Amino acid sequence: MSKIDLHCHTLYSDGALAPAELLMRAHNQQVDVLAITDHDTVDAISEIIALQSAEKRELHIIPGVEISTAWHGFDIHILGLNVHWQDAQFTQRLAQQQSTRLQRAEEMAEKLEKAGCEGIFETAQKLAGKGQITRAHFARALIASGKVSHFQQAFKQYLAKGKRAFVKPNWISVIEAVQWITDAGGTAVLAHPSRYDLSAKWLRRLMLEFKEAGGEGIEVMYPGLSPSLKNQLAMYAKEYGFYGSMGSDFHAPGRWCELGRHLSMPEHVIPVWDAWSETTKMQVNA
Ligand code: AMP
Ligand code: MN
Ligand code: MN
Ligand code: MN
C-alpha cells in the first residue's frame, strides 16, 4: 500500500521547510505520493521535481496549489491537484492572487501600526522571504516582537476575522478558483471542510455551489478529525458525488502533524486519484 499525502506547504508560502528539506522528510517518512500545495503559488514545484529526479527512492510528486477564496465572508481554501503548473495562463492568474496577498499585507501593516505594533510588516516580510506572505508570518513576527506569546494568541488578538489588524481579503470567488484549476487541467478539491466554522446548512450550500462550479472532490481525511466528523465527511462525499482526498496539511515539524501520517481513505469513498490518468494512477497505486 502506498503512503499518500495530498496537502502540504513549503517556505514558498507559510511552510517552514525548503523543497529539499520537505522532500528529504517525505522520504524519511516513507511517503510514496506527495502533493505540494502552497498557498496561491506553484513556485516550489519545479525545484522539488528536479530534486526528486536525482533521488534513488521513488516518490511521485503531484503538482498542486491551495487557492484562497472569499465566500460569504468566509475564507474558503480550494486545492488544485495535478495541475499543469507551468501553464502560462494559470501562473498569470496566480500572480493576481499574489498581488492581492501583498496588498492585504500592507493594509494589515497599517492597522498594526495604529494598534501600536510597529515594524511587524518588515519582520513578516523577512520571514516570508521569497515566499508568499501570509498571516502566519505576521503571527510569527508578532511573537518575535514580544507582542504576543504564542501563535494562536496572534490570531485571537490581531489577525483573525474581526480582530484589530484584520483586513477583509479580496480573494477570488470559489467559482473562479474552480475555473482556474480546471482550465489548468487540475482537479478542484474543497480543503478541510470542517475548519471553516460553517453550520451544516452553510457547508451544504458551499458544497452544492462548489459542485455546480465543477468542483470534483473534498478532503475527507486530515489531522484532528474526530471519528464522527470523519464519518460525516465520507457521507458528504458519497451524497454529493465527490472524490475523497487526504492530506496532512503539513507546515512545520512538530508534535501534531507529520507528512503522510494517519491518512487512509474511508471505505466506499472514491479516491481522487481515480480521476487521474492511468500513468498517474499506476504510480499512486504502485
Ligand atoms: P492567510 O492565508 O494569509 O490568511 O494565512 C492563513 C494561514 O495561517 C493558514 O493557512 C494557517 O496556516 C495559519 N493559521 C493558523 N492558525 C490560524 C487561525 N486561528 N486562523 C487563521 N489562520 C491560521
Ligand atoms: Mn497555511
Ligand atoms: Mn487551508
Ligand atoms: Mn494548507
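Trainee: Which pocket is the space taken by ligand 1?

Mentor: In this predicted model, ligand 1 takes up the space of the largest pocket.

Trainee: What makes Arg101 a polar contact of ligand 1?

Mentor: The cut-off is 3.5 Å between N or O atoms. An N or O atom in the Arg101 side chain is 2.9 Å from an oxygen atom of ligand 1, so the pair counts as a polar contact. Gln152 has a polar side-chain atom 3.0 Å from a nitrogen atom of ligand 1, and for His251 the distance to an oxygen atom of the ligand is 3.1 Å. The protein covers 77% of the 490 Å² of accessible area that ligand 1 has on its own.

Trainee: Which helix gives the largest share of the shell around ligand 1?

Mentor: That's H6, with three residues. Helix H3 (88-114) and helix H5 (135-144) each supply at least two.

Trainee: How do you know which residues coordinate the manganese ion (ligand 4)?

Mentor: A donor has to be an N, O or S atom within 2.8 Å of this metal. His7 (NE2), His9 (NE2), Glu66 (OE) and Asp249 (OD) sit at 2.1 to 2.2 Å, so they count as donors.

Trainee: Why does the pair His9 and Glu66 tie together parts that are apart in sequence?

Mentor: His9 lies in the loop between strand E1 and helix H1, while Glu66 is in strand E3, so the pair links parts 57 residues apart.

Definitions and conventions
Residues numbered from 1 in each chain as written. Chains lettered and ligands numbered in written order. Predicted model: local features only at pLDDT ≥ 70, side-chain atom pairs only at ≥ 80, totals over all residues. Heavy atoms only, no water. Donors = N, O, S within 2.8 Å, 3.2 Å for Na, K, Ca; no water. Helix = DSSP H or I, 4+ residues; strand = E, 2+ residues; numbered from the N terminus. Polar contact = N/O pair within 3.5 Å; in protein donor to acceptor, adjacent residues only side chain to side chain. Areas by Shrake-Rupley, 256 points an atom, 1.4 Å probe, with all protein chains shown as cover. 1 Å grid on protein atoms, 1.4 Å probe; cavity = no way out; pocket = protein on both sides within 12 Å on 5 of 7 lines; lining within 4 Å. Sits in = over half its atoms within 2 Å of the grid points.
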